[in-house]
Amino acid sequence: MPYLLEGLKYTLIITVVGISLGCVIGTIFGLMRTSKSKILYGIASIYIELVRGTPMLAQIFFLHFGLPQLLGINLDKMLTANIIIALNSGAYIAEIVRGGIESVDKGQMEAGRSLGFNSSQTMRYIIWPQALKLMIPPFGNQFVISLKDTSLLSAIAVGELMYQGRQVASSNVIYFDVYLIVCVMYLMITIPISLLLRRVERRLERS
């Protein structure tokens with residue numbers, strides 16, 4: 001159990017740090033996807049399609065083995081883990097942001113301009129608060145997805161939950177017990193989050 005709890009701690013750290021960075025990245029690229037500038041739109045589209053169109057495991061190997069070989073540097077495993085989760089979740093969060101903004105009635109922008117706001121002020125005070133309300137449930141779902149995706153980081157020996165489970169199971173030859181505990185530990189995190197998201201969704205629907 002101490003090894004598995006240590007792995008769970010690193011899983012949570014990687015998820016929280018990665019998702020936090022991913023929210024920043026996703027917000028920036030999501031806004032770029034709604035920009036009228038073809039350059040900004042094109043850059044955001046390339047990033048999103050590259051990340052969403054390739055397996056996360058391939059991205060992990062590319063960043064951990066391929067890029068260091070090209071640049072002649074060695075990346076710390078935890079740094080690689082945080083970057084991967086941030087970049088991967090950022091692409092999906094960007095689409096959440098774009099969808100949230102575009103779901104707000106276009107008349108809201110015109111209403112803001114008629115009140116004397118410029119485009120940025122209208123986005124900040126009128127569009128963004130309404131869009132954020134619609135983004136909350138998908139944000140929560142992305143957190144759960146990224147949490148489970150951290151298990152792929154065991155491929156490069158990052159000491160998260162799945163990696164620690166593999167080490168304990170192989171050294172003690174007790175695969176069923178260990179992997180059952182690993183699954184239960186994931187469920188102990190994902191189920192409460194899912195229940196919380198349902199409550200939030202119901203409150204948002206009522207409001």
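Patches are made of residues with over 30% relative accessible area and no salt bridge, joining like charges within 9 Å and nonpolar side chains (Val, Leu, Ile, Met, Phe, Trp, Tyr) within 5 Å. A salt bridge puts a side-chain nitrogen of Lys or Arg within 4 Å of a carboxyl oxygen of Asp or Glu.

This is a predicted model: local features need pLDDT of at least 70, side-chain atom pairs 80 or more, while totals for chains, interfaces and linings use all residues. Residues are numbered from 1 along each chain as its sequence is written, and side-chain values use heavy atoms, without hydrogens and water.

Me: Which residues make the nonpolar surface patch of about 330 Å²?
Reply: Areas come from the Shrake-Rupley method with a 1.4 Å probe, and for residues only the protein chains shown count as cover. The patch is made by Leu-57, Phe-61, Phe-65 and Leu-152.

Me: What is the relative accessible area of Leu-152?
Reply: Leu-152 sits in the loop between helix H6 (119–149) and helix H7 (161–172). Helices are DSSP runs (H or I, at least four residues), numbered from the N terminus. Buried means under 20%, exposed over 50%, partly exposed in between. Leu-152 is partly exposed, at 32%.

Me: How are H7 and H8 oriented?
Reply: Axes are lines fitted to C-alpha atoms over the stretch in contact, with angles from 0 to 180 degrees between N-to-C directions. The axes of H7 and H8 (residues 175–206) come within 8 Å and cross at roughly 165 degrees. Angles over 145 degrees count as roughly antiparallel, so H7 and H8 are roughly antiparallel.

Me: Is Thr-190 buried or exposed?
Reply: Thr-190 lies in helix H8. With a relative accessible area of 10%, Thr-190 is buried.

Definitions and conventions: Helix = DSSP H or I, 4+ residues; strand = E, 2+ residues; numbered from the N terminus. Buried < 20%, exposed > 50% of the residue type's maximum accessible area, 1.4 Å probe, protein only. Parallel < 35°, antiparallel > 145°, perpendicular 65-115°, else oblique.
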